[in-house]
Every structure is written in C-alpha cells, then in structure tokens.
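Biologist: I am new to reading protein models, and I would like to learn how to look at one step by step. Could you take me through an example?

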Amino acid sequence: MMIHIGIDDTDSPNGMCTTYVGALLYREISRLAHPIDLPRLIRLNPNVPYKTRGNGAVAMSFEADEKDISRIKELVLDMVKSLSDFSHENTNPGVVFLEGEVPKELTEFTYKAIWEHVSIEEAEKAAKEVGAEVHKFKIGRGIIGALASIGHPLDRFTYELLAYRGRELWGTKRRVNKESVFEMDKRFYPLTYDNVDWEKGSVLITPHGKDPVLVGIRGIDEKKVLSAFERIIFEEPVEFFQVFKTNQNTDDHLRFRRIGELKPLESAVVKGKVVKDWWEKGRHVFFELADETGKIRVAAFEPTKGFRRYVRELIEGDEIIAAGGVKEFEGVLTLNLEKFYPAKLAKKVEYKKPKCPKCGGTMKSKGDYLKCKKCGHKMPKTLIPIEVPRELKQKIYEVPPDARRHLSRPLVLPLGEERILEILKKS
C-alpha cells in the first residue's frame, strides 16, 4: 500500500526546523517501508507574513505493508510531538497522511498554496475532499504546507543536500572551512550554485540562525551535489545529511497577471510600460509600471545591492516584463522586484548646446540666449536633441544570490531565461 506523509510548521527560532524532523522521519520510516523516492522539500508562497524560514514543507512517500501503516503514523506523530518547540507562538505543526494515488484535485490545491494565501479552513476542506487524514497541533497552520507538499507533482525540480549538526552545537557559529567552499564552487558551478558570493567573498551555504542545518548545497544533479559535499572541509562534526528533491529555484511561485489583478501576498509576472522614472528613498529604488488595467509601484529594495544599478537605467516609455512578490509597503501596493526583462526600450534623448556657428567654439547659457565663450557671438537659446545609447540589453536582469528567494530560478540554470517567457506565452 502507498502512503504519503506531509509535515510542516515545526520551525522555531530556538532551533528546530521542518527539514530536520523530515529527514529523521525519512530515515526511521525507511526501516519499516520502501521509500518510493527521495523526501521532497516543497517551498510554498514566499509572501505570507507568518511563514516559517523559507516557507518549506516536507513530504515523503512509501510502499508499506498494511500492518505497518498504523505503526508508521504513530512514529510520525510521536516524533513531531517530541521535536517541535510548542513554546513558540509560530510553531503550529500539521501532519497529513494520504493513502493511495495522489488525486489531481490535491495538485490544484498545492499550486493555490504556492500562488495565494490559503486558510486553515481551506486546507481542511481540501483534505476532506481527497480523503486525507489530518492532525493539527495548537492551531495547526502546518496542515496547509503538509497537504500541499504531498500534492506537488515535481515536474520541474532541483536537489538540495542538507547536512545537520549535533544539538549541542545549535546556536553556535558554524565551523566550515571557507576556502574549501570556494574551491568546491570553482569545481562544480553551475551544477551546484548559489554556494558563494564571489564579489563579497562570502559563503552562502551556511545559514546564520539557531537551526540544526550546518550547510545546504543546491544543484541540478544529485551525484554532483553529493560530490560537492565531499569536497568541503568541516571543522565540526556532521551529525548526518539528507538529499531532498525540491521545487526550489523553479519559479513555481510566478504566474502571469494583469497589473489591475494584483493582490497582496501573491507573486506574479507582469508586462507593462514604465510611466514614472525611478526615484530613491532609504536606498530603495522605485518606479511605476502600468498596463491597460492599472499601474503599480515597483521596488528594488536595498538588499538587492548592485541590481539597483540596472533598475536606475530604466526610463519612462520602456516596456518591460517584471517578476516579483506583491506586498503593501508604506501603505502602497508594491511589486518587490526579483528580475526584469526589457522587452522594448524607449529612445533616450539628451539636449545639448550647439557649437558656435561662426568659430566652432563652446556656447554658454546666458538667460534666454547663448553666447560663445571664444568669439562672443550671441544667438537664441536653441538646444539640439541627441539620442543617447542605452546600457540595458534585451536580457533578464536578476537580484544577486544572497537576495534571491528560494523559489526564484537563477539565470545560470537551464531555462533560467526561458522560464519567464514561457509563463508569458501561457497567459
């Protein structure tokens, strides 16, 4: 008999995380039943305000004898109870069991949970419709992710190897040899990616919180991810590691929307025209984008660093494709820009003073007339329009790795650029 298990919302600022609980469960259940595939790490809507770190849920599927099903369920519930930090208000775990094939209706629910804000009541209704068994702890918000993680088909996927540290080290500085990570990146990039930031000289695979994760290595090839892990020099013990199959870096969260349709807490790809040149506030860069249905403020926030330079190159009249999450910022509906593509650039014109018609000298403005600095010739103030070359190219510009969301697909990966255009074609 096939059994699918989903868990979510076990995360806590004090240390625990859903992937750790999921990895332990996968190891234990594999002693009782045959795993159908690797455990799955499914990232959901990145915009919901009460999300856990990365808003990730874990699912796993097994072929099990009917006599072992009850034992497996008991094991899962006991481990979630014992490992979850219920003292924290945002720890609201949910566990879902589904036996048999995954119905199409559940996949539809999964994408709703990735694209929109889904309530606990909606998850309970969806679970009932597909015959899933639901277990809530505290308010049980985790059932949303638990159910959605089971329903994801993973038609597109990547891998992530997560290595964990012993509990006695949680909350301490991670001791990973920096040079070995850079050497690993040189050898395996782009089959593994977002390992380091070469410009800043920083390591990206080590988180900074109190959670059990020591390193997380992402890639598009399972064997290369394992090989990359073996190249790293660890200066502390590795408790164990687990490779997950995941929807990270697939742009799963993006779908085409008209600007007038945009709502807070969703992500979208929009196509429009720049109707207000950029301005800057608090190191954030803003501009306005419009289509036939409305307009929206677009932001490249300060953490995107050098990406803002390309945003400042946009001018009124440019037609662009923009992708990002929608949120209220300072009371204004704002698209938090993740990447953009200049589809059609407007002509950039600058007005310059002419040369002196008598001697070719430089003309200087004198109120409403021009005067030659060399010969003194005067003439009416007439400026010459000159078209200026644009620095922007027809390619996708993206935020740097340390500002990238879990679901956003780096351009270095296959279909990194084509994915956005593919979404537009389906609109």
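Biologist: Let me begin with strands. In which sense do strand β13 and strand β16 pair, and over how many bridges?

Modeller: Please keep in mind that this is a predicted model. The general idea is that strands of a sheet pair through backbone hydrogen bonds, either parallel or antiparallel. Here, strand β13 (residues 267-281) pairs with strand β16 (residues 319-329) in the antiparallel sense, over seven bridges. To find the pairing on screen, look for A268, which stands opposite G324 in β16.

Biologist: How many bridges join β13 to strand β14?

Modeller: Six bridges join β13 to β14 (residues 284-291), and these two strands run antiparallel.

Biologist: Which strands make up the open sheet of three strands, and in what order?

Modeller: The order is β19-β20-β21, with antiparallel pairing. β19 (363-366) and β21 (378-380) are the edge strands: each has a single partner strand, so one side of each has no neighbour in the sheet. Neighbouring strands of this sheet are turned against each other by 35° on average, with direction ignored.

Biologist: Over how many bridges do β19 and β20 pair?

Modeller: β19 and β20 (residues 369-372) pair over four bridges, in the antiparallel sense. In that pairing, S365 has L370 of β20 as its bridge partner.

Biologist: Now for single residues. Is N195 buried or exposed?

Modeller: To answer that, look at the relative accessible area; under 20% counts as buried. N195 has a relative accessible area of 0%, so N195 is buried. As for its place in the chain, N195 lies in the loop between β8 (192-193) and β9 (196-197).

Biologist: What does N195 touch, leaving out residues up to four places away in sequence?

Modeller: N195 touches V181, M184, D185, V203, L204, I205 and I217. There is also a polar contact from the side chain of N195 to the side chain of T192, at 3.0 Å.

Biologist: Is Y351 buried or exposed?

Modeller: Y351 has 55% relative accessibility, so Y351 counts as exposed. You will find Y351 in strand β18 (residues 348-352). Leaving out residues up to four places away in sequence, Y351 touches L383, I384 and P385. For a sense of scale, the C-alpha atoms of Y351 and V95 are separated by 65 Å, and these two residues are 256 apart along the chain.

Biologist: I would like to look at rings next. How many aromatic pairs does the structure hold?

Modeller: The structure holds 18 aromatic pairs. One of them is Y111 with W115, a tilted pair with 5.4 Å from centre to centre and 40° between the planes. Both residues lie in helix α3 (residues 104-115), four residues apart, which is about one turn of the helix. Y111 counts as buried because its relative accessibility is 18%. W115 is partly exposed, with a relative accessible area of 24%. F229 and F234 form a tilted pair as well, with 5.4 Å centre to centre and 50° between the planes. F229 has a relative accessible area of 11%, so F229 is buried.

Biologist: Which residues form one aromatic cluster?

Modeller: Y20, Y164, W170 and F240 form one aromatic cluster.

Biologist: Over the face of which residue does K245 lie?

Modeller: K245 lies over the face of F157, at 4.5 Å from the ring centre. You can look for another case at F301, where K327 lies over the face of the ring at 4.7 Å from its centre.

Biologist: Finally, let us step back. How many helices and strands does the protein chain have?

Modeller: The protein chain has nine helices and 23 strands. Its C-alpha atoms fill a box of roughly 100 × 50 × 35 Å along the principal axes. Of its 427 residues, 53% count as buried. To read the contacts, take residues at least 6 apart in sequence: 70% of these contacts join residues at least 24 apart.

Key:
Residues are numbered from 1 along each chain as its sequence is written. This is a predicted model: local features need pLDDT of at least 70, side-chain atom pairs count only at pLDDT 80 or more; totals for chains, interfaces and linings use all residues. Side-chain values use heavy atoms; hydrogens and water are left out. Buried means under 20% relative accessible area, exposed over 50%, partly exposed in between (1.4 Å probe, protein chains only). A polar contact is a pair of N or O atoms within 3.5 Å; within protein, one must be able to donate a hydrogen and the other to accept it, and residues adjacent in sequence count only if both atoms are side-chain atoms. Contact means heavy atoms within 4.5 Å. Rings of Phe, Tyr and Trp (its six-membered ring) pair if their centres lie within 6.5 Å; planes under 30 degrees apart count as stacked, over 60 as edge-to-face and the rest as tilted. A charge sits over a ring if NZ of Lys or CZ of Arg is within 6 Å of the ring centre and within 35 degrees of the ring normal. Two strands pair if DSSP finds at least two bridges between them. Axes are lines fitted to C-alpha atoms, for helices over the stretch in contact, and angles run from 0 to 180 degrees between N-to-C directions.
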